[in-house]
Amino acid sequence: MSSQDIPEENLPAEQEYAHGAVGVADEENPFADPGLPPHEHRIQDIDERAARRSERVVALLFTVSMLATVGFIVSYVTIPHDKNIFVFPIGHISALNFALGLTLGVALFCIGAGAVHWARTLMSDVEVADERHPIEAAPEIRAKVHADFRQGAKESALGRRKLIRNTMFGALALVPLSGVMLLRDLGPLPGTSLRHTLWAKGKRLVNMNTNQPLRPEDISVGSLTFAKPDGLEETDEEFQNEMAKAALMIVRLQPDNIKDKRELDWSHEGVVAFSKICTHVGCPISLYEQQTHHVLCPCHQSTFDLSDGARVIFGPAGHALPQLRIGVDSEGYLQALGDFEEPVGPAFWERG
Ligand code: FES
């Protein structure tokens, strides 16, 4: 049904819009502006039942969006990470990823489709032409903008169509919950686990290459040896996590060359053990310059002086490498005399 088929008295009053200046073609202006075509009313403009049908469709879409968001949350909580399903034609995929993608997609699509349907069927569709004017905010223009804004708000029927308004607010309020739920993937929180390593009193130092416990005589001047705690095997589930905190580098210095008193006290016959984890952002340190006793982190070139408490002498690292206090046990093997006394790795963790 078009507006031409409707009796004049049934048509809604036409709003007063500027329809553009209609020019007249003449010799000076052969391409005059023909103006906008006459406005045609939609079925929803003239039939309240059709308008209510559209309203229910929009509300249904927003409601489906809400249900999909709830489905997203339920899927996230209930579907196991390792469950796979077959989906034609994709094949075997993670059931959790499929459910999250599907529900989030439906939730966002329904909000968009609801808004589009609302705009196309219930909001005013009168075309408006705004004549060009100088760019200045004269008081009367500001007043007109305010009036237009109020008219737009009125025509969107936000106040009148409470069902749409309430379901839209519900859908918009629920959709961010999907992102909030995903924050759970950042956990679990580390707690105090970063403050402690596997090192403890009596734990032997084991050569990482040979897997054999180390004696002081195995460490020669000028060499750099990497060590791990006795009992930690590569096959252990937590091997990588534990090594990221417990990895040691061991060097032998002439006791006379050790400038830091605490370092000397915590060493054994000139053998010193420091954390291998750079205090900048945690790269493993691997370069040793035996003449100067400097170690260099390959990531951002932080340089530490192992003869002076491993203090930083160059680069972005914020503090010295933690030292492990060592001694020998009754069989002559190097052993830890406790855990590190400060957190290893990036200085960030010391601020907690
Ligand atoms: S991680 Fe070592 S210098 Fe950046």
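Domain bounds here come from an automatic or database domain assignment. With that in hand, the protein divides into domain 1 (3–186) and domain 2 (193–351). The centres of domain 1 and domain 2, taken over C-alpha atoms, are separated by 63 Å.

A word on the source. This is a predicted model: local features need pLDDT of at least 70, side-chain atom pairs count only at pLDDT 80 or more, and totals for chains, interfaces and linings use all residues. Residue numbers start from 1 along each chain, as its sequence is written.

Now the helices. Helices (H or I, at least four residues) and strands (E, at least two) are DSSP runs, numbered from the N terminus. Look at α2 (residues 48–78) and α3 (residues 95–121). They pack at an angle of about 160°, and their axes lie 8 Å apart. Axes are lines fitted to C-alpha atoms, for helices over the stretch in contact, and angles run from 0 to 180 degrees between N-to-C directions. So α2 is roughly antiparallel to α3; that label needs an angle over 145 degrees, while under 35 is roughly parallel, 65 to 115 roughly perpendicular and the rest oblique.

What residue classes make up this contact of α2 with α3? It has 18 nonpolar, 9 polar and no charged residues. Nonpolar means Ala, Val, Leu, Ile, Met, Phe, Trp, Tyr, Cys and Pro; charged means Asp, Glu, Lys and Arg; the others, Gly among them, are polar.

On to strands. Two strands pair if DSSP finds at least two bridges between them. β1 (residues 84–87) and β2 (residues 91–94) pair in the antiparallel sense, over 4 bridges. A hairpin of 3 residues joins β1 to β2. Asparagine 84 sits opposite serine 94 in β2.

Next, an open sheet of 5 strands. The order is β3-β4-β5-β6-β11, with antiparallel pairing. β3 (205–207) and β11 (323–324) are the edge strands, each pairing on one side only. β3 runs antiparallel to β4 (residues 225–229), joined by 3 bridges. Valine 206 stands opposite lysine 228 in β4.

Last, an open sheet of 4 strands. Here the order is β7-β8-β9-β10, and the pairing is antiparallel. Each edge strand, β7 (287–289) and β10 (311–314), has a single partner strand, so one side of each is left without a neighbour in the sheet. On average, neighbouring strands of this sheet are turned by 30° against each other, direction ignored. β7 and β8 (residues 294–296) run antiparallel, with 3 bridges. Glutamate 289 has histidine 294 in β8 as its bridge partner.
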